[in-house]
Amino acid sequence: MNGLQDHFLLAMPHLDDGHFAGTISYLCDHDDKGTLGLIINQPLALTLAGLLEQLEIDGSHSRHKDETVLYGGPVHKDRGFILHRGQAADWDSSLQVTPDIALTTSMDILHALADNHGPDEMLICLGCAGWESDQLAKELKDNTWLTVEATAEILFNTPPEARLDSAARHLGVDLHLLSREAGHG
């Protein structure tokens, strides 16, 4: 089970949980203590400019000011999570997810984005998703999710509304053709 970091978690059609129905999550950290992920296909009615304004940071000249902020999940909904290309060592509070993708939660990245010094490719999320140590394993066994190795193309170059179907196609699956009933053998 430790191999799910840098994977997508695709909600099966029968998942009716209000937070996760119809979602695709990117798993940033997965070990015996639990799993941390970000929902990457739920845009909020908020842009980076609006977020920076709420934080009293001048982002009026940022090349990313129109970037849409995503609902990252039901945990820490008031906290920002920036998934981006680059190195964790460049920022105060970061986790290196892959050799070229990091997750940053510190304010220094927001100031850098406001000043056009931040990463070019990123997702800005409010909140995250979390699973306790054996919770995700149980949910996978119950056919709640499909998993597929993540791609930077889907993360950074695919519109949010197309990410779920794009990831499913990597598995050769059309989620629209799957039954809403879960099968258990």
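Throughout these legends, a residue is called buried if its relative accessible area is under 20%, exposed if that area is over 50%, and partly exposed in between, as computed with a 1.4 Å probe on protein chains only. The model is predicted, and local features need pLDDT of at least 70, side-chain atom pairs count only at pLDDT 80 or more, and totals for chains, interfaces and linings use all residues. Residues are numbered from 1 along each chain as its sequence is written, and side-chain values use heavy atoms, with hydrogens and water left out.

**View 1. F20, W131 and W145 form one aromatic cluster.**
Rings of Phe, Tyr and Trp (for Trp, its six-membered ring) pair if their centres lie within 6.5 Å, and planes under 30 degrees apart count as stacked, over 60 as edge-to-face and the rest as tilted. A search of the whole structure finds four such aromatic pairs. One of these is the tilted pair of F20 and W131, with 5.8 Å from centre to centre and 35° between the planes. This pair links distant parts of the chain, since F20 sits in the loop between β1 (7–11) and β2 (24–31) while W131 belongs to strand β9 (residues 122–132), 111 residues apart; helices (H or I, at least four residues) and strands (E, at least two) are DSSP runs, numbered from the N terminus. F20 is buried at a relative accessible area of 11%, and W131 is likewise buried, at 5%. F20 also pairs with W145, here edge-to-face, with 5.6 Å between the centres and 85° between the planes. Because F20 lies in the loop between β1 and β2 and W145 in strand β10 (residues 145–149), this pair ties together parts that are 125 residues apart in sequence. Both F20 and W145 are buried.

**View 2. Strand β5 pairs with β4 and is joined to β9.**
Two strands pair if DSSP finds at least two bridges between them. Strand β4 (residues 43–47) and strand β5 (residues 68–71) run antiparallel and share two bridges, and P43 has L70 in β5 as its bridge partner. Strands β5 and β9, by contrast, run parallel and are joined by three bridges, with Y71 standing opposite L126 of β9.

**View 3. A salt bridge joins the side chains of R63 and D120.**
A salt bridge is a side-chain nitrogen of Lys or Arg within 4 Å of a carboxyl oxygen of Asp or Glu, and the structure holds four of them. Between R63 and D120 the distance from N to O is 2.6 Å. R63 is in the loop between α1 (48–54) and β5, and D120 is in the loop between α2 (107–114) and β9, so the pair ties together parts that are 57 residues apart in sequence. R63 is partly exposed at 46% relative accessibility, whereas D120 is exposed at 55%.

**View 4. R85, D100 and E121 are linked in a network of salt bridges.**
R85 is partly exposed at 28% relative accessibility, and E121 is partly exposed at 26%.

**View 5. The side chains of D142 and K138 meet in a salt bridge.**
The distance from N to O in this pair is 2.8 Å. D142 counts as partly exposed at 27% relative accessibility, while K138 counts as exposed at 54%.
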